[in-house]
Amino acid sequence: MEQIRNDWSIEEIKLLYHEPLLELVYKAATVHRTWHSSSAVQVCTLLSIKTGGCTEDCAYCGQAARYHTNITVKALMDKEEVLSIAARAKASGSSRFCMAAAWREVRDNKDFERVLEMVKGINALGLEVCCTLGMLTETQAERLQAAGLYAYNHNLDSSERYYDEIISTRIYGDRLNTLNNVRKAGISVCCGGIIGLGETHEDRIGMLHTLSNLPQHPESVPINALARVPGTPLQDLTKVDVWDMVRMIAVARILMPKAMVRLSAGRSEMSTTEQAWCFMAGANSIFTSESEELLVTPNPKLDEDRAMFELLGLTPLSNK
Ligand code: SF4
């Protein structure tokens with residue numbers, strides 16, 4: 001079995017990234033089969049527990065208060081409502097439940113206390129529980145860990161070089177700092193990015209370089225295609241080419257063999273054939289939601305995903 005490496009050079013990643021596509025997919029599929037079952041795909045349910053009204057200015061995000069999108073702002077949900085959605089998600093095959101709140105950062109207030117109670121409740125259901133709540137201090141990460149948080153999502157979004165072009169209200173170092181706090185608290189790290197933000201191939205390579213050279217690879221790497229939300233500064237960008245997604249997934253799979261590589265935003269604009277290519281390239285997880293939305297953008301129906309699993313011979317990774 002090949003070694004896990006944290007010393008990938010930009011040149012090595014560039015060579016991989018620019019390999020002829022079929023050769024790249026073949027290599028990634030081989031790595032995938034060395035470390036994972038080729039048929040097990042983890043189904044993660046994502047729930048927006050607090051929607052919109054965010055003070056940050058991420059250019060891709062429909063939840064930023066400053067953009068004129070038609071998102072309905074919703075306050076933090078009740079714990080009982082979240083727990084009943086989590087129980088239904090488990091019954092329909094999810095083994096991981098991710099709660100997202102549109103916050104710049106976690107504040108030490110009653111909302112955070114409520115989130116901690118949600119984490120405890122979902123953990124008790126036997127689901128891997130993940131949160132994405134913005135920036136975290138070391139103490140907040142420790143409190144989440146003590147409540148039973150399994151994973152924390154905090155994406156790098158793009159390369160360090162391109163970051164300032166899409167967000168001005170925080171810096172790349174802030175992201176890395178939160179990731180460090182999460183890791184120190186003993187929480188599993190979920191960290192990936194988005195393509196289609198107007199970045200170059202070099203930026204994509206740069207992001208993969210940062211991820212694959214972290215002292216410990218993220219256990220989970222979501223790869224998202226930009227969902228062009230009307231009213232955001234990126235609304236008129238070109239739709240991401242599916243082959244770009246396949247390429248990113250394949251390189252991520254080769255660089256970070258043990259990670260769960262998650263085919264995330266963008267599935268609603270992909271056919272089953274296109275998603276099959278992503279699974280062949282090493283993706284082994286998808287997101288679903290009862291509301292058929294991935295936070296505030298469209299996501300396939302649960303029935304469509306069931307039919308796709310049956311057609312492709314995939315099985316949901318079983319609950320722990
Ligand atoms: S991506 Fe997150 S931090 Fe950025 S505006 Fe949206 S909700 Fe806020």
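Two strands pair if DSSP finds at least two bridges between them, and the strands and helices themselves are DSSP runs numbered from the N terminus, with at least two residues (E) for a strand and at least four (H or I) for a helix. With that in hand, let's walk through this predicted model, in which local features need pLDDT of at least 70, side-chain atom pairs count only at pLDDT 80 or more, and totals for chains, interfaces and linings use all residues. Residues are numbered from 1 along each chain as its sequence is written, and side-chain values use heavy atoms, leaving out hydrogens and water.

Start with strand E8 (residues 260-263), which pairs with E9 in the parallel sense over two bridges. Leu-263 stands opposite Ile-286 in E9. Together with helix H10 (residues 272-280), E8 and E9 make a right-handed β-α-β unit; right-handed means that, with the strands pointing away from the viewer, the path from the first strand over the helix to the second runs clockwise.

Strand E9 (residues 285-288) has another partner to look at: E1 (residues 40-50) pairs with E9 over four bridges, again in the parallel sense. Here Cys-44 has Phe-287 as its bridge partner in E9. Both faces of E9 are covered, with Ser-285 and Phe-287 buried on one side and Ile-286 and Thr-288 buried on the other. Buried means under 20% relative accessible area, computed with a 1.4 Å probe on protein chains only.

Now turn to strand E3. In a regular strand the side chains alternate between the two faces of the sheet. On one side of E3 are Glu-128, Cys-130 and Thr-132, on the other Val-129 and Cys-131, and all are buried. Because five of the five residues of E3 (residues 128-132) are buried, this strand is largely enclosed by the rest of the structure.

Five bridges join E3 to strand E2 (residues 96-101), and the two run parallel. Cys-98 has Cys-130 as its bridge partner in E3. The chain passes from E2 through helix H4 (residues 110-124) to E3 in a right-handed β-α-β crossover. E3 is also joined to E4 (residues 151-153), in parallel, by two bridges, and Cys-130 stands opposite Ala-151 there. E3, helix H5 (residues 138-147) and E4 make a right-handed β-α-β unit.

Finally, which residues surround the ligand? They are Cys-54, Glu-56, Cys-58, Tyr-60, Cys-61, Ala-64, Ala-102 and Arg-170, where near means a heavy atom within 4 Å.

Definitions and conventions:
Buried < 20%, exposed > 50% of the residue type's maximum accessible area, 1.4 Å probe, protein only.
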